[in-house]
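Student: Can you walk me through this fold? Keep it quick.
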Amino acid sequence: MRVVLISKALVVGAYQRKAEEIARLGVELTVLVPPSWRDRRGTQRAERLHTVGYELRTIPLLFNGAYHMHFYPTLVRELRELKPEVVHVDEEPYNLATLLGVRAARSVGAEPLFFTWQNLLRRYPPPFNWFERMVYRSCAVAIAGNAEAREVLVRKGYGGEIVVLPQFGVDPTIFRPQPEAGEEEGTQRRENNESLKRSSILTSQSDKFHIGYAGGLLPEKGLDLLLRACVGLEGDWRLTLVGSGEELEALRRLAVEGGIEDRVTLGVRLPSAEMPDFYRSLELLVLPSRTRPNWKEQFGRVLIEAMACGVPVLGSDSGEIPHVIGSAGVIFPEGDVEALRSQLLRLMQDRAARECLAAAGRERVLAQYTMAEIASQTVAAYTAVANGS
């Protein structure tokens with residue numbers, strides 16, 4: 001089966017393991033990505049980290065950073081050359097890139113499908129609602145990243161088959177707990193450690209209880225709540241926020257106002273290959289997302305990455321977070337600074353609880369969220385599309 005996967009998300013090297021796993025299952029796969037993608041977190045240039053067994057191509061992108069209006073001007077030419085049977089447009093159905101991708105697929109006789117994270121019932125104005133309806137009519141199968149996204153599709157009138165499946169899993173051989181003393185992980189790990197030392201994440205105050213976050217420094221991620229919870233937090237701790245975004249300077253000011261700037265590291269951005277070592281430097285990962293009128297947490301991939309590395313996780317009850325964590329982590333009411341501070345203090349003081357959560361988190365990832373499992377279910381969706389079932 002020949003498949004073309006069009007995905008700006010796959011500019012991230014760690015995510016490319018999914019493509020390798022899809023190809024390993026016998027799919028003749030080509031992945032098309034832009035040279036880079038810009039959003040509120042900054043610019044992510046296309047990496048080439050996991051490229052075995054399939055072809056990864058960069059193709060031109062117009063209106064980079066325009067979430068709803070970007071598109072690939074050479075896509076039809078690419079598809080005519082590749083002659084796929086299935087085209088997976090890894091985009092929301094109301095985006096121009098999705099509509100044009102679906103039309104391009106149909107023009108070369110391929111069956112299209114799309115992906116959606118949208119877990120809020122939102123009605124879009126023209127032309128986006130037109131894009132959405134046309135994509136719905138053209139695709140017999142859709143992949144929804146969570147159960148609420150599936151319900152949104154149903155309520156908006158999508159009549160095709162819906163597969164509930166996260167966009168990506170994790171590779172548990174890469175995202176894994178800290179090796180035992182003396183265990184050798186090879187040159188790549190040593191190089192990663194050297195890079196992390198240069199960023200001072202592992203070496204600065206390394207004897208302190210290390211709390212971490214990874215992702216966009218954005219208002220909806222609730223990082224101001226995390227900083228406020230850390231103000232007055234008892235004990236010997238430090239906090240590292242890995243990522244970039246529009247809230248960076250506001251968060252720096254908040255740390256200074258709270259008198260905790262010497263314990264907080266901000267504005268560090270790491271290549272995806274170095275994230276496992278960052279997670280392994282933590283005692284606790286926190287995802288304090290807050291729901292907005294136009295957004296709530298759609299998955300929280302950093303949760304499963306940290307869990308796979310044997311790191312306990314603490315998240316708010318926004319959106320999909322409680323379903324991702326299950327009983328393998330701790331949940332607090334979103335926006336509740338006192339509850340967040342209380343859970344931070346409890347977990348700092350209870351090593352046994354952290355160890356239990358770490359083991360449960362790793363087990364949950366192995367059961368539900370490996371890249372191999374996500375790839376297997378994705379290929380099943382491709383097969384259904386190709387067979388017209």
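Student: Which strands does H12 lie across?
Tutor: H12 lies across strand S10 (209–214), strand S11 (237–242), S13, S14 and S15. It runs at about 155° to S15. Axes are lines fitted to C-alpha atoms, for helices over the stretch in contact, and angles run from 0 to 180 degrees between N-to-C directions. Helices (H or I, at least four residues) and strands (E, at least two) are DSSP runs, numbered from the N terminus.
Student: Before we go on, what sort of model is this?
Tutor: A predicted one: local features need pLDDT of at least 70, side-chain atom pairs count only at pLDDT 80 or more, and totals for chains, interfaces and linings use all residues. Residues are numbered from 1 along each chain as its sequence is written, and side-chain values use heavy atoms, with hydrogens and water left out.
Student: Back to the sheet. What is the strand order?
Tutor: S12-S11-S10-S13-S14-S15, six strands in an open sheet with parallel pairing. Two strands pair if DSSP finds at least two bridges between them.
Student: Which strands stand at the edges?
Tutor: Strand S12 (264–268) and strand S15 (330–332). Each has a single partner strand, so one side of each has no neighbour in the sheet. From one strand to the next, the twist averages 20°.
Student: How many bridges join S13 to S14?
Tutor: Three. Val-286 has Leu-314 in S14 as its bridge partner.
Student: Is Arg-341 buried or exposed?
Tutor: Buried, at a relative accessible area of 19%. Buried means under 20%, exposed over 50%, partly exposed in between (1.4 Å probe, protein chains only). Arg-341 is found in helix H12 (residues 337–349).
Student: What is Arg-341 in contact with?
Tutor: Leaving aside neighbours within four places in sequence, Arg-228, Ala-229, Val-231 and Leu-233. Contact means heavy atoms within 4.5 Å.
Student: New topic: aromatics. How many pairs are there?
Tutor: The structure holds 12 aromatic pairs. In the pair of Trp-117 and Phe-299, the rings are tilted, 5.7 Å centre to centre with 35° between the planes. Rings of Phe, Tyr and Trp (its six-membered ring) pair if their centres lie within 6.5 Å; planes under 30 degrees apart count as stacked, over 60 as edge-to-face and the rest as tilted.
Student: How many residues apart are those two?
Tutor: 182, so to speak across distant parts of the chain. Both Trp-117 and Phe-299 are buried. Phe-115, Trp-117, Phe-299 and Tyr-369 form one aromatic cluster.
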